[in-house]
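Dear colleague,

I am passing on a structure that I have been going through, and I would be glad if you could look at it alongside the notes below.

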Amino acid sequence: MPKSIALLLLLSTVVTPSPAAGDERVPPVTDPVVNQECGSCHMAFQPQFLPQRSWQKLVDTLADHFGEDASLGETERAAVLDYHLSNAADGPKGGRAARKYGRRIAVGQAPLRITETPWWVKEHQEVRADKWRSREVKSKANCLACHKRAEEGIYEDEEHEDDD
Ligand code: HEC
Ligand code: HEC
């Protein structure tokens with residue numbers, strides 16, 4: 001068998017996700033208002049990563065958003081809130097992946113950072129401390145530095161090993 005065909009066969013078995021893995025995937029943000037208003041300073045984070053109470057609090061405090069003024073007009077604010085509540089970890093459209101990510105966030109807590117939720121911290125515990133401060137990463141919130149396809153909802157990255 002020619003080498004190229006053997007390689008193709010190998011790739012197709014490795015790359016094709018199983019249906020179960022597909023379910024676990026976080027869908028990309030589809031709302032144009034959210035992509036525009038919440039994707040200008042950083043990538044538009046998928047609502048699935050935080051519970052409704054977090055998004056409610058975050059949208060209520062946009063005027064002082066991590067030191068920035070990210071406030072919105074009433075129409076945009078309502079649209080952004082609606083999308084985040086629907087697709088939140090515990091939202092009606094959150095899906096399977098969302099329930100996984102929302103797990104273990106204490107009921108009384110409404111973290112504003114995905115990067116401070118228990119599942120995120122656990123998922124990233126193998127990342128060396130100095131990596132977060134490195135020039136290409138700078139911040140834990142800079143998902144795209146390590147997950148090149150984060151905006152598509154693809155976080156299971158093949159290239160982490162080459163990162164350092
Ligand atoms: C004016 C710029 C700006 C806009 C617009 C903006 N953000 Fe942010 N956001 C920031 C900054 C700055 C941070 C802190 C980033 C860091 O720690 O590296 C942040 C952090 C966040 C975090 C926490 C990330 C983490 O650490 O897990 C979330 C969630 C978030 N923003 C959601 C939103 C949403 C939703 C919108 C749209 C309503 C939005 N942002 C619009 C500037 C902005
Ligand atoms: C310094 C690099 C780095 C940054 C920045 C980073 N991650 Fe990760 N992430 C990793 C590594 C390493 C893993 C574990 C290895 C793996 O599963 O690919 C991981 C795993 C994950 C997983 C689990 C993937 C799976 O296989 O199920 C998710 C989801 C995830 N990260 C989301 C995020 C989000 C959201 C952000 C930004 C708020 C972020 N990460 C920022 C390096 C990073």
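In which helix is Ser54 found? Please keep in mind throughout that this is a predicted model. Ser54 is found in helix H4, and this residue counts as buried because its relative accessible area is 0%, where the cut-off for buried is under 20%. If residues up to four places away in sequence are left aside, Ser54 touches Ala110, Pro111 and Leu112.

Helix H4, which covers residues 52-60, packs with helix H5, residues 74-87, at an angle of about 165°, and their axes are 9 Å apart. Since angles over 145 degrees count as roughly antiparallel, H4 is therefore roughly antiparallel to H5. The crossing of these two helices, H4 and H5, is right-handed. On the H4 side the contact is made by Gln52, Trp55, Gln56, Val59 and Asp60, while H5 brings in Arg77, Val80, Leu81, His84 and Leu85.

In soluble globular proteins, nonpolar side chains tend to be buried together. The largest nonpolar core here has 29 residues, of which Phe49 and Ile114 touch the most other members. The elements that give two or more residues to this core are H4, H5, helix H6 (95-102), helix H7 (118-123) and helix H9 (143-146). Phe49, again without counting residues up to four places away in sequence, touches Val26, Tyr101, Ile114, Thr117, Trp119 and Tyr155.

With best wishes

Methods
Residues are numbered from 1 along each chain as its sequence is written. Chains are lettered from A and ligands numbered from 1 in the order in which they are written. This is a predicted model: local features need pLDDT of at least 70, side-chain atom pairs count only at pLDDT 80 or more; totals for chains, interfaces and linings use all residues. Side-chain values use heavy atoms; hydrogens and water are left out. Axes are lines fitted to C-alpha atoms, for helices over the stretch in contact, and angles run from 0 to 180 degrees between N-to-C directions. Helices (H or I, at least four residues) and strands (E, at least two) are DSSP runs, numbered from the N terminus. Angles under 35 degrees count as roughly parallel, over 145 as roughly antiparallel, 65 to 115 as roughly perpendicular and the rest as oblique. A crossing is left-handed if the near helix is turned anticlockwise from the far one by less than a right angle, and right-handed if clockwise. Contact means heavy atoms within 4.5 Å. A nonpolar core is a set of buried Ala, Val, Leu, Ile, Met, Phe, Trp, Tyr and Cys residues joined through side-chain atoms within 4.5 Å. Buried means under 20% relative accessible area, exposed over 50%, partly exposed in between (1.4 Å probe, protein chains only).
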